[in-house]
Amino acid sequence: MADSDALSTGERSRRNVLKAGAAVAVSGGVAPLALAHPAVAAESALPPPASTAEVTLRVNGVRRNVTVESRVTLLDALRERLGVTGPKKGCDRGECGACTVLVEGQRVKSCMTLAVMEDNRDITTVEGLARGDELHPVQAAFIQRDAFQCGFCTSGQIMSAVACIKEGHTGSHAEIRDWMSGNLCRCGCYPNIVEAVRDAAKGGKL
Amino acid sequence: MKLFDYARTSRVSDAVGLVAGHPGGAFIGGGTELTNLMKDGVLAPDLVVDVGALALADIGVRKGQLLIGATARMGDVAEHPVVRERFPVISEALLASASPQVRNRATIGGNLMQRTRCWYYRDVGSACNKREPGSGCPAIGGQNRWHAIHGGSDHCIAVHPSDLAVSLTALDATVLTLGPDGRRSIPIGDFYRLPGSTPDQETALRHGELITAVEIPESGPAAGSRYLKLRDRATFEFAVVSVAAALIQAGGVVTDVRLAFGGIATRPWRSAGAEEALRGHPLTQATIAAAGRALVDGAQPREHNAFKVELVQRALADILEDFGGRK
């Protein structure tokens with residue numbers, strides 16, 4: 001479905017690219033610079049600004065191509081265009097953390113970045129953690145510690161926890177709480193989440 | 001979110017040229033602020049130029065100055081060994097900001113350019129002189145618990161939200177920029193404007209001018225500097241009141257002191273009066289109280305934020321305790 005989507009919007013994309021290019025030329029957007037530094041400008045391969053772009057996202061190790069409007073967030077591209085629904089849309093403004101994914105191994109809120117900004121980057125979502133039937137230690141720890149009720153925030157909590165452990169911010173309960181503070185849990189499972197992160201960090205009994 | 005054109009370039013001059021030549025153009029760094037403002041309709045640029053690929057992310061000391069590139073990420077700066085050891089107030093201010101996910105993405109330049117958290121500014125259904133000049137300021141007679149007691153005007157009392165900017169104000173940082181007219185060095189004290197009758201003009205930047213770095217002089221006070229942030233919850237929240245303090249003592253008296261405050265003013269607030277009350281004196285209950293009084297001299301509290309007058313004095317006394325002062 002994603003591929004046919006990309007094809008159909010690809011048509012729209014090319015028209016918009018042309019329109020966008022023309023608009024900039026008419027408004028003289030790059031002209032002053034070209035006049036000031038003709039040699040530099042001639043060497044510079046600055047692609048014309050465009051309202052859509054073809055983007056390649058390496059999602060959980062698989063290259064996925066998608067044509068998106070520039071205003072589409074990484075979260076919406078993953079969920080609505082690529083069918084990767086592990087990242088959740090809670091607040092859609094960077095406050096709840098349910099959309100947390102890893103980009104090049106770093107945890108980010110996918111609702112606060114545009115898909116076009118993540119072109120050619122590695123994206124890891126909760127779907128990419130388990131190896132076959134074998135759960136990732138953080139997933140196993142969340143189950144062992146019963147670290148959720150409704151589960152809506154859980155995929156974001158787990159992605160954040162994976163990064164938090166890798167960053168080494170698990171020295172104490174207080175440190176875990178501070179460094180997991182970008183992920184809210186409306187059910188209030190924080191004590192169990194902290195225990196799960198602690199367990200997984202220790203590599204203890206899972 | 002309104003549709004916009006997007007461009008990404010690895011050349012600083014191209015980025016500046018694109019935005020400068022386009023009245024509705026804007027830069028995007030980490031995106032953690034602009035995406036929200038665009039979703040809410042507070043800002044609606046028709047051209048967004050991504051500065052993420054510019055080679056402006058270096059952090060290092062050169063000729064007695066710490067240079068932090070504008071696209072360095074908050075988290076990387078906070079954990080940089082030189083920043084932690086010789087400019088701790090910057091590291092502490094950054095670690096007290098936002099959440100780990102945001103700090104992984106938000107840039108130093110973007111942090112300095114973030115907009116106020118005033119809820120009337122953020123709500124396009126409300127009047128706001130900052131967002132829509134001339135429409136009025138509902139905060140002055142409305143819900144103003146978070147608002148300024150210093151630096152306000154009849155047009156705006158919104159607080160500047162950046163912790164980083166408060167720490168840089170204490171350390172006399174300079175903002176380096178590149179604009180269509182070339183390079184500029186802007187002392188941080190001149191970078192943020194008081195709202196006056198034009199609260200929509202927040203900084204000294206001209207359209208298309210890009211922050212390329214901030215420069216902070218090394219000093220004894222910087223090496224022992226501290227940040228204290230008081231907020232409504234333990235973490236991941238903006239300041240109700242904050243203090244950046246850098247001071248050194250010799251022979252039992254304060255010989256050099258810089259104090260800047262967040263959460264209480266329309267821009268990061270340096271208090272010359274509070275510094276004067278301490279300079280040349282020992283840190284005693286009396287001198288600390290005098291500094292607190294000087295700090296709130298001329299304050300204009302509103303209906304819901306009068307508590308800040310007391311709270312910021314207590315915050316100052318608290319942080320001075322860390323330097324050996326007694327409350």
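Tutor: Before we start on this predicted model, note that axes are lines fitted to C-alpha atoms, for helices over the stretch in contact, and that angles run from 0 to 180 degrees between N-to-C directions.

Student: At roughly what angle do the axes of helix α5 and helix α6 of chain A cross?

Tutor: Helix α5 of chain A covers residues 137-144, and helix α6 of chain A covers residues 154-167. Their axes come within 9 Å of each other, and the angle at which they cross is roughly 125 degrees.

Student: How are α5(A) and α6(A) oriented to each other?

Tutor: Angles over 145 degrees count as roughly antiparallel and those from 65 to 115 as roughly perpendicular, whereas these two axes cross at roughly 125 degrees. The crossing is right-handed, and α5(A) and α6(A) are therefore oblique.

Student: Which residues of α6(A) make the contact with α5(A)?

Tutor: On the α5(A) side, the contact is made by V138(A), Q139(A) and F142(A). By class, the contact of the two helices has five nonpolar, two polar and no charged residues. From α6(A), the residues are T154(A), I158(A), A161(A) and V162(A).

Student: Turning to chain B, how are α5(B) and α9(B) oriented to each other?

Tutor: The axes of helix α5 (residues 88-95) and helix α9 (residues 163-170) of chain B come within 8 Å and cross at roughly 165 degrees. Since angles over 145 degrees count as roughly antiparallel, α5(B) and α9(B) are therefore roughly antiparallel.

Student: How many charged residues does the contact of α5(B) with α9(B) have?

Tutor: Here α5(B) contributes V89(B), I90(B), A93(B) and L94(B), while α9(B) contributes D163(B), L164(B), V166(B), S167(B) and A170(B). By class, this contact has seven nonpolar residues and one polar residue, and the number of charged residues is one.

Student: Where two chains touch, how many residues does the contact take from chain A?

Tutor: Chain B gives 33 residues to the contact, and among the elements that give two or more of them are β1 (5-8), α1 (12-20) and α2 (34-39) of chain B. The chain B side divides into 13 nonpolar, 14 polar and six charged residues. From chain A, the number of residues is 40.

Student: Over which residues of chain A does pLDDT stay under 50?

Tutor: Chain A averages a pLDDT of 84, and 77% of the residues score at least 70. Where pLDDT is low, the predicted coordinates should not be read in detail. The stretch under 50, for which the model has 53 contacts beyond four places in sequence, is residues 1-43 of chain A.

Key: Residues are numbered from 1 along each chain as its sequence is written. Chains are lettered from A and ligands numbered from 1 in the order in which they are written. This is a predicted model: local features need pLDDT of at least 70, side-chain atom pairs count only at pLDDT 80 or more; totals for chains, interfaces and linings use all residues. Helices (H or I, at least four residues) and strands (E, at least two) are DSSP runs, numbered from the N terminus. Angles under 35 degrees count as roughly parallel, over 145 as roughly antiparallel, 65 to 115 as roughly perpendicular and the rest as oblique. Two residues are in contact if their C-beta atoms, placed from the backbone, lie within 7 Å. Ala, Val, Leu, Ile, Met, Phe, Trp, Tyr, Cys and Pro count as nonpolar, Asp, Glu, Lys and Arg as charged, and the others, Gly among them, as polar. pLDDT is the predictor's confidence in each residue, from 0 to 100. A crossing is left-handed if the near helix is turned anticlockwise from the far one by less than a right angle, and right-handed if clockwise.
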